[in-house]
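Trainee: Could we go through this chain together, one element at a time, and could you give me the cut-offs behind each term as we meet it?

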Amino acid sequence: MPRLPGKRPASPANLASQSGQPAQSKRVRPEAQLSTVIAATQSGQTLPLQPEPTQQSGQTTLSVQPGPSGISSTPRASTVGHSTITTGITTTMTNAPSTSSTEVFNFGLSASTMPTDSILPSTAAVLGPTNDGILVSGAVSAASQLQDAELYRILKRYILTEAQLVTNGFPRVNPFGVPSVPKIQEKPSASSKKPKHTNGRLCIRCGEEFIVGSNGSYPPSQCTYHWANHHKSKVHGIWTSVYDCCNGGLNSPTCSVAPYHVHEQNKLDAPCDFVATIPCSPKSDENYGVFALDCEMVYTLSGKELARVTVINSQCQPVYETLVKPKEKIVDYNTRFSGITEKDMQGVSTTIRDVQASLLATFSAQTILIGHSLESDLIALKIIHSTVVDTSVVFPHRLGLPYKMGLKKLAGDLIQKIIQEDVGGHDSLEDAAACMELMRYKVKEDIRKLRS
């Protein structure tokens, strides 16, 4: 899939060499109306999505079969220009039992209820269930790629519980059937300052209060700030706090200037226009798909809004990517972090409702979505989804919540992948791929520990 305007190609140091023609992708189910999807959810109907990915001559075809509910989808075929990234693992094993390489794999599932092929390919020699898992023979190849069905079954053990979803602020549906976003614990350093005026807003960058009109609009006003956080470092034997952006102290002059103050008031407003992913019919292989997702946001008059969304499959190939037109006027493109410029957004007409319709056609409620602090992406998308694997939870901060490890540090430390270094801003494809590779790394490490 060709990248959107303003985004650099994937780094050769991080992705395998490209081959073939650029991907030509069509939107999933362009004729589907979101109101029809929502009506199916409210009436309790299921959406029998039956994705059957196949690869032939560099192509990946995803067929979505119509179901009895009357909701159908247009089959989509896309030519993938990236070769497969072989950072994951596969449990490829010999058919003949071997006395020298007998392993017990326990992925947190009951041996009495777990099928013998739940984590193993058809080539595995299964000796039988044990109290610790499934007893198999053969050698594990850590360099090969997990098949989608195998990856889905293994990743099920990392899916967040309902308690974890609430603790991390994922959008949920309260007992009254109304969408809600749980309040999460803030860092001790977070400002407790409140606006003095009813229609006042606090700038999240400089901390100054500014007044908005009854319609939410406000005039330009110079905002001076440090764009990075500060941390403590030892200088000449003395601990001192310095900003990462300019190495200045806490009392040093600000290093960045913007024409507008920005706020995130819409995060505090009552959630509206949320939709939920729809359960699909049971599948024989229990593979409902694994995708990684990342979004980029810009600042508007109402707060922080969605401006780009990227979805990749388990092979780190993009399956959906689009720029999104915010509902309100953009006051700051947040280019340093979003990678989006004013030029990129010219002529963009895709709305968040269009994105919701496409994603609800691609995902079911059972689909595993992988991301880093994925709650912020789902809030921006206004989608309620419970089957998530969050790398900020799988790889927690040593101090626990509300502290979280940054994706950049995790990628560098664990998979030796350099991301978020471009001065033009973050790349949502790069970040999504890093999340997918981190989970493949985690699976590989867990299997290695079980073998030792």
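Mentor: Let us begin with burial: a residue is buried when its relative accessible area is under 20%, exposed when it is over 50%, and partly exposed in between, using a 1.4 Å probe and protein chains only. This is a predicted model, in which local features need pLDDT of at least 70 and side-chain atom pairs count only at pLDDT 80 or more, while totals for chains, interfaces and linings use all residues. Residues are numbered from 1 along each chain as its sequence is written, and side-chain values use heavy atoms, with hydrogens and water left out.

Trainee: Is Leu378 buried or exposed?

Mentor: Leu378 is found in helix α6, where helices (H or I, at least four residues) and strands (E, at least two) are DSSP runs numbered from the N terminus. Its relative accessibility is 1%, and therefore Leu378 counts as buried.

Trainee: Which residues does Leu378 touch, not counting those up to four places away in sequence?

Mentor: Contact here means heavy atoms within 4.5 Å. The C-alpha atoms of Leu378 and Phe170 are separated by 7.4 Å, although the two residues are 208 residues apart along the chain. With residues up to four places away in sequence left out, Leu378 touches Phe170, Pro171, Phe274, Leu369, Ile383, His385 and Val388.

Trainee: How many of the 8 residues of α6 are buried?

Mentor: The buried residues of α6 are Leu374, Glu375, Asp377, Leu378, Ala380 and Leu381. These residues pack against β16 (290–300), β17 (303–312), α5 (352–362), β20 (368–371), β21 and β22 (388–390). The helix α6 is largely enclosed by the rest of the structure, because the number of its 8 residues that are buried is 6.

Trainee: What is the phi of Lys382?

Mentor: Lys382 lies in the loop between α6 (374–381) and β21 (383–384), and at 24% relative accessibility Lys382 counts as partly exposed. Its phi is positive in a residue other than glycine, with a value near 60 degrees.

Trainee: Where is Asp273, whose phi is near 65 degrees?

Mentor: The phi of Asp273 is a positive value in a residue other than glycine, and at 43% relative accessibility Asp273 counts as partly exposed. Its place is in the loop between β14 (256–258) and β15 (275–276).

Trainee: At what angle do the axes of α8 and α9 cross?

Mentor: Axes are lines fitted to C-alpha atoms, for helices over the stretch in contact, and angles run from 0 to 180 degrees between N-to-C directions. The axes of α8 (residues 407–414) and α9 (residues 428–451) come within 10 Å and cross at roughly 50 degrees.

Trainee: Which residues of α9 does α8 meet?

Mentor: From α8, the residues that take part are Leu407, Leu410, Ala411 and Leu414. On the α9 side they meet Asp431, Ala434, Cys435, Leu438 and Tyr441.

Trainee: Where does Pro402 lie, and is its bond from Leu401 cis or trans?

Mentor: Pro402 lies in the loop between α7 (391–394) and α8. The peptide bond from Leu401 to Pro402 has omega near 10 degrees and is cis.
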